[in-house]
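User: I have not looked at this one before. Can you walk me through it?
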Amino acid sequence: MPRARTLLGLVFILLPLALPLTGCMVLQTSFRLTSEDAAPDAPNRATLAPDLRTTAAVWQDTNTVDLYLTDLPRAALDPTAPLDGITGNIVHIHMFLAPRAGRTPIEDTAQTATVRHLVLSRGLAGVYAGGGFLQPRTSFARDRFAGTMNAGTARLIAADPGFVDALGPARIDTEVLARRDPRTARLIAARLETILARTPRIERDDPEQEPPAADASPASP
């Protein structure tokens, strides 16, 4: 029995050492944009659901959180790297208010976060922006943030000539769990801002229908 207890103790000691140590390792994340132009049960309803395996969170308080999600390889995140032929996504979710029962609305129609979703299609950029109700699921005690957003809204606000908007007005549904990682957050943010700066804005007849712009700067580490 003593030998069995010793071996069992070694197993519990070694298990944490076998886990990945990278700060941007995804624990559980999904992000989906669904076209609102088609009926909910339409078989050809357009959906964009990239596999965003790199995530990073940064915050300065419990109300202000920036989440960065991407499926781009590390080399493509270099702000000076050419975009020729690159296909992938960068998502920035900026929570500006943590919902509190009795003090803020607790419903999907409220808004506590803005969202920007950069889509790259063979080097052509399109930017969807909007927002929704982000409900935090965990505390900040363990240097990670988890939250969900259902029925958020987004639309294309900027695009290169030739970029095809297959979604139109879209619904945002996401679940994200990311570790605090200021370094990776700054890297993804710099790449995002570099691309946004060169992507032409879409002029709309009704400026009041323009989606809210997300805060471009990550929260201070």
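User: How many helices and strands does the protein have?
Analyst: There are 2 helices and 10 strands in this predicted model. Along the sequence they come in the order α-β-β-β-β-β-β-β-β-β-β-α.

User: And how much of the protein is buried?
Analyst: Buried residues are 43% of the 221 residues. The accessible surface is about 11800 Å², and carbon and sulfur atoms hold 55% of that.

User: What share of the contacts links residues 24 or more positions apart?
Analyst: They account for 67% of the contacts with a separation of 6 or more.

User: Which way does β1 run against β10?
Analyst: Strand β1, residues 30-35, is antiparallel to β10, with 6 bridges between them.

User: How many bridges for β9 and β10?
Analyst: Strand β9, residues 144-159, pairs with β10 over 9 bridges, in the antiparallel sense. Ala-154 has Ala-170 in β10 as its bridge partner.

User: What about the loop between β9 and β10, is Gly-168 there buried or exposed?
Analyst: Gly-168 sits in that loop. Its relative accessible area is 14%, so Gly-168 counts as buried, the cut-off being under 20%.

User: What is Gly-168 in contact with?
Analyst: Apart from neighbours within four places in sequence, Gly-168 is in contact with Asp-37, Tyr-128, Ala-154 and Arg-155.

User: And how far is Gly-168 from Ser-35?
Analyst: In sequence, 133 residues separate Gly-168 and Ser-35; in space, the distance is 6.2 Å from C-alpha to C-alpha.

User: How do the lining residues divide into nonpolar, polar and charged?
Analyst: The lining of the largest pocket has 10 nonpolar residues, 6 polar and 1 charged.

User: How does one find where empty space is left, in general?
Analyst: A probe the size of a water molecule is rolled over the atoms, and that shows where empty space is left.

Notes: Residues are numbered from 1 along each chain as its sequence is written. This is a predicted model: local features need pLDDT of at least 70, side-chain atom pairs count only at pLDDT 80 or more; totals for chains, interfaces and linings use all residues. Side-chain values use heavy atoms; hydrogens and water are left out. Two strands pair if DSSP finds at least two bridges between them. Helices (H or I, at least four residues) and strands (E, at least two) are DSSP runs, numbered from the N terminus. Ala, Val, Leu, Ile, Met, Phe, Trp, Tyr, Cys and Pro count as nonpolar, Asp, Glu, Lys and Arg as charged, and the others, Gly among them, as polar. Buried means under 20% relative accessible area, exposed over 50%, partly exposed in between (1.4 Å probe, protein chains only). Contact means heavy atoms within 4.5 Å. Accessible areas come from the Shrake-Rupley method with a 1.4 Å probe; for residues, only the protein chains shown count as cover.
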